[in-house]
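The following report describes the predicted model shown below.

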Amino acid sequence: MSAGEVPGNRFVCSVLRHEGTWDPYGDLWPEIAENLRRTTSIDPWPDRRVLGLSDPALFESPFLVLTGRGAVAFSPDDADRLRAYLSAGGFLLVDNSEADPAGPFARSVSSLPARLFPDGEWKKIPADNAVFRSFFLLAEAAGRRKSGQGLKGLWVGGRLAAVYSPDDLEGPWVRSPAGGFLFPCEPGGEPQRLEARKLLVNIVLFSLTGTYKTDAVHQEYLKRKLDLP
Amino acid sequence: MIGIELGTPTEARAWTAVLLAGAALWAIGRIARRRGIRPADRAALSVLRLAAASAALLLILDPALLVKRRRSDAPVAVVVDASASMATRDARRNGISRWEAVREAVERRWPLLSRRCSPILFRLENRLSRADRLDGGARGALSDFSRLAEIRNAAPGVKAVFFFSDGRRGGGPDPRGPLAALGVPVFTVGVGNPAAVSDLGIESVRAAPFGFKNVEAEATVRVRLRAVPPGRARLSVFSRGERLGSRWIEWTREEVVEATVSFRPARAGPETFEAVLDPWPGEANLRNNRMGFSMDIGRDRRRILYICGRPGPNYAFLRHQLKTDPTVELVTFVILRDVEDILGYSDRELSLIPFPTQAEILEGLPSFDAVIFESFSFQRFGVGPPGMEALKRFVLNGGGFLIMGDEAYSPSSPYRGSALEPLMPFALDREPSAGPNRFRAEPPSGPVPFSAFDKGSVEWSLLPFLEGGGVFPGALRKGAIPILRAEGDGPLAAVLGAGRGRVMGLVSLSTWRWALGGQEETYIRFWSRALAWLTGEAEFKRVRLLPPEGADPGEEAILRALVRDEAGRPVPDAEGSFSVREADGGRGAGVFRAAGGGEYLASITIKAAGPAGIVARFRRSGSFLGEDRIVLNAGSSWNEAADVTPDFALLEDVSRSTDGRFTTLAGFTDDWVKEALAPLAWETRRRIPMGDSPFAVLVLVVLLLGEWVYRRRRGFP
């Protein structure tokens with residue numbers, strides 16, 4: 001990256017700073033970006049962008065990650081800006097680092113859709129959604145944990161604008177200083193870690209290609225691969 | 001038979017005759033009162049004076065002796081109005097149409113007519129035509145009474161005209177003048193019930209001039225109600241016999257009801273539709289229950305092929321915009337994996353599909369309206385020179401091509417030397433210029449075919465910054481028009497017309513920042529207009545053919561065409577021609593003449609009522625510039641059936657101005673016919689003038705001299 005260079009059309013991962021523990025694992029982006037670069041045609045911006053909801057850069061950042069531990073509080077202004085962001089085409093990935101469906105993070109984000117939109121709610125994303133097919137063919141959702149809740153989504157104007165992972169999607173990427181993975185993936189072990197890493201790639205691809213993989217041109221190929229009639 | 005005819009009566013003649021008669025009476029009276037005159041002399045002088053006065057009167061009144069003979073072969077025209085209003089079923093209580101009532105009456109009197117004259121049958125619609133029988137019904141769209149004057153040529157020597165009509169005419173000039181000039185009496189027979197008839201009538205239909213196949217369109221229909229009780233009726237829109245949409249309209253005491261019907265055009269191209277009202281029970285006039293209108297229907301949805309070499313926000317936002325546009329059918333391929341990407345996964349784990357082969361792309365190309373390439377290194381995916389040649393042909397034949405991304409305009413552009421290079425709006429053989437990475441987009445100073453805003457440049461300063469690689473094309477290709485430029489710097493977007501097609505180039509891939517930055521409407525407007533321009537939608541046609549306000553069959557109308565270049569500037573020096581195919585299959589052609597300001601005019605005369613297809617083509621300096629098509633509903637402005645109330649006053653005027661007579665159909669009796677034909681029953685064989693001759697003068701002189709000599713001989717003063 002040379003001085004003065006700007007992201008332009010490149011993929012930028014923006015992380016939302018909030019009053020809770022907004023960065024529980026530190027900067028995982030270099031590894032995720034490298035993985036994206038090596039496996040996909042995405043040209044990711046090398047640095048993550050950290051911003052608050054009041055930051056003007058929010059509206060230059062089409063991919064936003066809300067993660068952390070503990071309760072997340074949004075002021076009315078914050079909610080207004082997040083609503084405007086999602087309505088204008090922004091994409092939000094909410095990742096529960098606690099991986100605890102009864103924890104404070106889960107409780108605080110569960111009411112987020114209703115605060116943003118009158119009929120907003122988290123709805124389970126079905127297995128045939130493009131999120132599960134945007135790059136890898138995935139049968140189900142998993143993270144550091146596998147609660148069986150799957151992925152949840154918030155649709156805005158017919159577009160899947162926000163995805164909520166209750167199982168800690170970033171956890172499987174975290175490494176110890178020695179280089180190994182820091183957290184085990186439960187209950188599936190390493191295969192689950194692999195699936196969890198694939199799912200994050202898929203979510204990034206989905207944010208850039210939308211329902212592309214549900215277009216008619218893909219259906220015959222996907223049916224054959226999935227052994228569907 | 002012998003008869004006498006007096007000279008042309010004038011006021012001077014009349015007064016002279018009165019004075020002369022008075023003088024003669026005075027002179028005879030004077031003789032009668034004089035004493036001392038023998039009765040014989042009194043009588044002789046009275047006779048002489050009376051004879052002289054008579055001779056003088058003869059000279060003044062200019063009588064002629066006529067030798068006549070009876071005849072029964074005078075040609076007489078029997079003309080029946082066969083236009084729309086004559087189909088109204090109000091002629092009698094049993095509900096037969098005016099036309100049928102006339103046919104019955106004419107057939108009943110035909111033997112009498114044939115005995116008294118030599119009748120010749122005609123139908124009158126928008127023209128006069130000879131008929132052997134009264135069949136076929138009232139099928140004409142309208143009637144033009146002034147066309148009755150064509151009798152002079154259609155039946156030379158005709159002595160009188162019987163005209164059966166309801167007096168309701170569809171158009172044409174005032175018939176009284178031309179008919180008076182005919183010089184023969186016109187006997188008019190009025191048919192129909194002058195009282196209001198029960199009628200639902202479509203008065204007008206308003207619809208947008210263009211729409212899309214299978215995309216909902218609307219027609220607003222104005223319905224006039226005459227003598228109908230409160231109720232409701234179904235209003236539908238048909239095309240080629242197929243009902244495309246309908247709704248119910250309800251009324252209580254209104255005279256006019258306006259309703260909007262939604263419908264989905266089923267076919268692309270210039271189409272004629274018909275708004276149709278279901279008949280009201282007992283409705284006398286069904287002809288105004290339908291009215292045609294035309295629209296230029298675009299293809300069902302514009303088919304767009306969008307190939308993207310690398311997923312990014314630009315693809316995400318533009319794909320969403322196109323995918324949610326109901327007028328677009330999007331087929332898209334995005335390269336998710338490059339050949340050099342390292343994958344530790346089996347193919348079954350991936351959702352990737354093979355990129356279409358060049359053959360597959362070429363085969364499908366003609367089915368698209370526009371193709372978009374975004375950062376697409378086509379050579380790496382097997383699209384070689386044949387693919388570029390095919391894309392060039394696609395554009396020249398009318399396709400749209402949008403090429404996005406600054407790689408396309410870099411010194412190493414894969415398009416350099418390709419078949420597409422001459423179609424690119426930016427010159428690839430010029431060194432690119434360096435510029436800022438972040439910049440605000442703004443419009444160029446000159447005219448543009450489309451823009452993100454309707455007017456003014458204030459809004460541009462409110463748009464979020466765009467971003468790019470800091471490199472801008474070195475120059476525009478000749479003929480290209482800039483659409484956007486980086487603030488204070490080089491061109492950002494430009495368009496170029498190529499053959500029948502259009503090409504747009506866009507350097508920056510960050511217009512999505514407008515949408516995310518709170519200017520979503522601007523983003524949508526910009527791309528909607530860009531796509532509309534690329535696919536040659538009606539508002540961006542280089543040639544727009546404007547139909548005349550009304551085109552009446554047989555009447556000259558003026559076609560207008562507006563010719564613009566790619567930037568929307570008027571083209572003053574184009575050459576245009578048009579061809580027309582009429583409802584009855586007849587064909588015609590003509591040329592346009594420049595009227596200034598990019599406007600061109602041509603006169604056109606449609607002969608047949610109904611929809612006529614017109615195609616206008618323009619060229620400039622020998623090169624094809626553009627074409628447009630419309631469907632013209634000839635005669636639609638002469639909607640005679642809109643109000644079918646009989647107009648007997650007009651018929652009375654016509655008969656009065658031609659020395660004819662008027663009656664209603666009930667009065668069309670044997671006696672009326674005989675009376676009307678009486679003046680035609682005798683033919684003058686010889687005419688002997690009696691007053692206007694030297695003999696009459698001589699007689700007068702001899703009589704006056706004889707009277708004077710007689711008095712002198714008898715010693716009278």
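## Helix packing in chain B

Helix 2 of chain B passes helix 13 of chain B in a left-handed crossing, where left-handed denotes that the near helix is turned anticlockwise from the far one by less than a right angle, and right-handed that it is turned clockwise. The axes of helix 2 and helix 13 (residues 694-714) of chain B come within 9 Å and cross at roughly 155°. Helix 2 of chain B and helix 13 of chain B are therefore roughly antiparallel; angles over 145 degrees receive that label, those under 35 count as roughly parallel, 65 to 115 as roughly perpendicular and the rest as oblique. Axes are lines fitted to C-alpha atoms, for helices over the stretch in contact, and angles run from 0 to 180 degrees between N-to-C directions. Helices (H or I, at least four residues) and strands (E, at least two) are DSSP runs numbered from the N terminus.

The structure is a predicted model, in which local features need pLDDT of at least 70, side-chain atom pairs count only at pLDDT 80 or more, and totals for chains, interfaces and linings use all residues. Residues are numbered from 1 along each chain as its sequence is written, while chains are lettered from A and ligands numbered from 1 in the order in which they are written.

Helix 2 of chain B also packs against helix 1 of chain B: the axes of helix 1 (residues 11-33) and helix 2 (residues 39-61) come within 9 Å and cross at roughly 175°. This pair is therefore roughly antiparallel too. Residues of helix 1 of chain B in this contact include B:L20, B:A24 and B:I28, and those of helix 2 of chain B include B:L50, B:A53 and B:L57; contact requires C-beta atoms, placed from the backbone, within 7 Å. The contact residues of helix 1 with helix 2 of chain B divide into 14 nonpolar, two polar and three charged. Ala, Val, Leu, Ile, Met, Phe, Trp, Tyr, Cys and Pro count as nonpolar, Asp, Glu, Lys and Arg as charged, and the others, Gly among them, as polar.

## Backbone geometry

Most residues other than glycine have a negative phi, and most peptide bonds are trans.

| Residue | Phi | C-beta neighbours within 10 Å |
|---|---|---|
| A:A99 | near 50° | 23 |
| B:S375 | about 45° | 23 |

A:A99 lies in the loop between strand 4 (91-96) and helix 3 (104-110) of chain A, and B:S375 in the loop between strand 18 (370-374) and helix 8 (385-396) of chain B. A:A99 is buried, as is B:S375; a residue is buried with 20 or more other C-beta atoms within 10 Å of its own, exposed with 12 or fewer, and partly exposed in between, C-beta atoms being placed from the backbone.

A cis peptide bond, with omega of about 5°, joins A:E186 and A:P187. A:P187 is found in the loop between strand 7 (159-165) and helix 5 (189-209) of chain A.

Chain A contains six helices and seven strands. Of its 229 residues, 47% count as buried.

In the contact between the chains, 40 residues of chain A meet 38 residues of chain B. Helix 6 of chain A gives the most to the side of chain A that touches chain B, with five residues. That side divides into 17 nonpolar, 13 polar and 10 charged residues. The model scores ipTM 0.96 and pTM 0.67.

Technical notes
Contact = placed C-beta atoms within 7 Å.
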